[in-house]
Amino acid sequence: MVDIRLQRMAKVLVHYSLGIKEGQRLTIWTEPLATPLIQEVVREVVRAGGHPELMVSLPGVREIILREGSNEQLTSVSPIQSLVNQDYDALLQILSSENTKSRNGIDPARLALAQKANQGLFQTQMRRTAEGSFNWSLAMFPTNAYAQDADMPLEEFEEFVYRACFLNDEDPVARWQALFVEQERRINWLQGKEQVHVVGPDTDLTLSIKGRKFLNDAGKRNFPGGEFFTSPVENSANGIIRFSFPASYNGRSVEDVRLRFENGVVVEATATHGQDYLEKMLNMDEGARRLGEFAFGNNRNIDRCTKNILFDEKMGGTIHMAVGAGFSEAGGKNESGVHWDMVCDLRQGSEIRVDGELFCKNGEFIL
């Protein structure tokens, strides 16, 4: 029998997160291990009158191109992905890797080259999202690989994932809607504010949110959701910040990242592991050294680091920032082939002030 939590996940993703309507086309992009969830998603799309299409990636195939391909092959953009981003109504990406370390031996410069080539795909997706003509969501089917990264047995990790997504509830959508209301209250308070000052362990950073809009993710763009975020003013970040959680991007992990900003630009970057990769990504283009996102994590069912950004960035008591591309929906203007989220744990010895007023202390919201 199918796990009822998978059935609930499919229903939430199709009807709440993506809002599939009759006649709409949805692409599901995933790997074979997610088959139990794929089947339930397809069933819900069909019931909604939509048209599901599959893009199933086989393990190890992309890595062959990344290791052995010419520059022309590395920078070739998939016409299928282009078609989806330009013409389809929705995209669901389901993370279901059987090996999260498959790209660890690949030259970071080659990864950066391939990533930069897909910048146009990302920009199209963000533009259509801002216009309201394209819905997308990112979810996970728990696998042994993700469980091992999180230092959990598979069954324990499955329970962690389903709990983080509110799927143990008979009505998960009601929980997501309640979280949306809670986060919207905080967003309304932040509206019109200008200066944010973050102080914590090895962190003392200021940035401006003047004229920018905070967006509310309560299980629609990401599943699980549980964050509210914006794109800070591009030349405003000054100071230092330490991202204590491992920061994974495009299949590579970097640990204990410390960044120093001057007038919005990363002028110094260090990591205890993955220094070369960090530098390659920051040097990809001009926008890669500026912030594209500043966000508050607010999912209290996520209480430990899993080494997967889909969950770690939503952890209650944390903030996260992304170097690279900003969100036009939020007023962001930074353009880059990179959007790399990094998490800063502020649950101890920290405070965040907004226009001088205490907004968050030791990971708890004050207002």
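**Reading the packing of a predicted fold**

Tutor: Start with helix 9. Its buried residues pack against helix 1 (4-17), strand 4 (135-140), helix 8 (144-149), helix 10 (172-190) and helix 12 (309-312). This is a predicted model: local features need pLDDT of at least 70, side-chain atom pairs count only at pLDDT 80 or more, and totals for chains, interfaces and linings use all residues. Residues are numbered from 1 along each chain as its sequence is written, and side-chain values use heavy atoms, with hydrogens and water left out.

Student: Which residues in helix 9 are buried?

Tutor: Terms come before names. Buried means under 20% relative accessible area, exposed over 50%, and partly exposed in between (1.4 Å probe, protein chains only). Helices (H or I, at least four residues) and strands (E, at least two) are DSSP runs, numbered from the N terminus. Contact means heavy atoms within 4.5 Å. In helix 9 (residues 154-164), the buried ones are Phe157, Phe160, Val161, Tyr162 and Ala164. An α-helix has 3.6 residues a turn, so residues three or four places apart point the same way. After helix 9 comes Phe166, with a positive phi near 65°.

Student: At what angle do the axes of helix 1 and helix 10 cross?

Tutor: Axes are lines fitted to C-alpha atoms, for helices over the stretch in contact; angles run from 0 to 180 degrees between N-to-C directions. Under 35 degrees counts as roughly parallel, over 145 as roughly antiparallel, 65 to 115 as roughly perpendicular, and the rest as oblique. Here the axes come within 10 Å and cross at roughly 50°. Helix 1 and helix 10 are therefore oblique to each other. Arg8, Val12 and Tyr16 of helix 1 meet Pro172, Val173, Trp176 and Gln177 of helix 10. The residues of this contact divide into five nonpolar, one polar and one charged.

Student: What is the strand order in the four-stranded sheet?

Tutor: The order is 2-1-3-4, an open sheet with parallel pairing. Strand 2 (51-56) and strand 4 are the edge strands, each pairing on one side only. The twist averages 20° from one strand to the next. Six bridges join strand 1 (residues 25-30) to strand 2, and the two run parallel. Ile28 stands opposite Leu54 in strand 2.

Student: How many residues of strand 15 are buried?

Tutor: Seven of the seven residues of strand 15 (residues 318-324) are buried, so it is largely enclosed by the rest of the structure. Strand 14 (residues 291-297) joins strand 15 through five antiparallel bridges. Phe294 has Met321 in strand 15 as its bridge partner. Strand 16 (residues 339-345) also pairs with strand 15, antiparallel over seven bridges. There, Gly324 has His339 as its bridge partner.

Student: Is Glu313 buried or exposed?

Tutor: Glu313 is buried, at a relative accessible area of 5%. Look for Glu313 in the loop between helix 12 and strand 15. Leaving out residues up to four places away in sequence, Glu313 touches Asn222, Glu227, Gly297, Thr318, His320, Asp341 and Val343.

Student: How many disulfides does the structure hold?

Tutor: A disulfide is a pair of cysteine sulfur atoms within 2.5 Å. The structure holds zero. The sulfur of Cys165 is 17 Å from the closest cysteine sulfur, in Cys305, too far for a bond. For Cys344 the closest cysteine sulfur is in Cys360, at 11 Å, again too far for a bond. Cys165 is buried at 1% relative accessible area, and Cys344 is buried at 2%.

Notes: Ala, Val, Leu, Ile, Met, Phe, Trp, Tyr, Cys and Pro count as nonpolar, Asp, Glu, Lys and Arg as charged, and the others, Gly among them, as polar. Two strands pair if DSSP finds at least two bridges between them.
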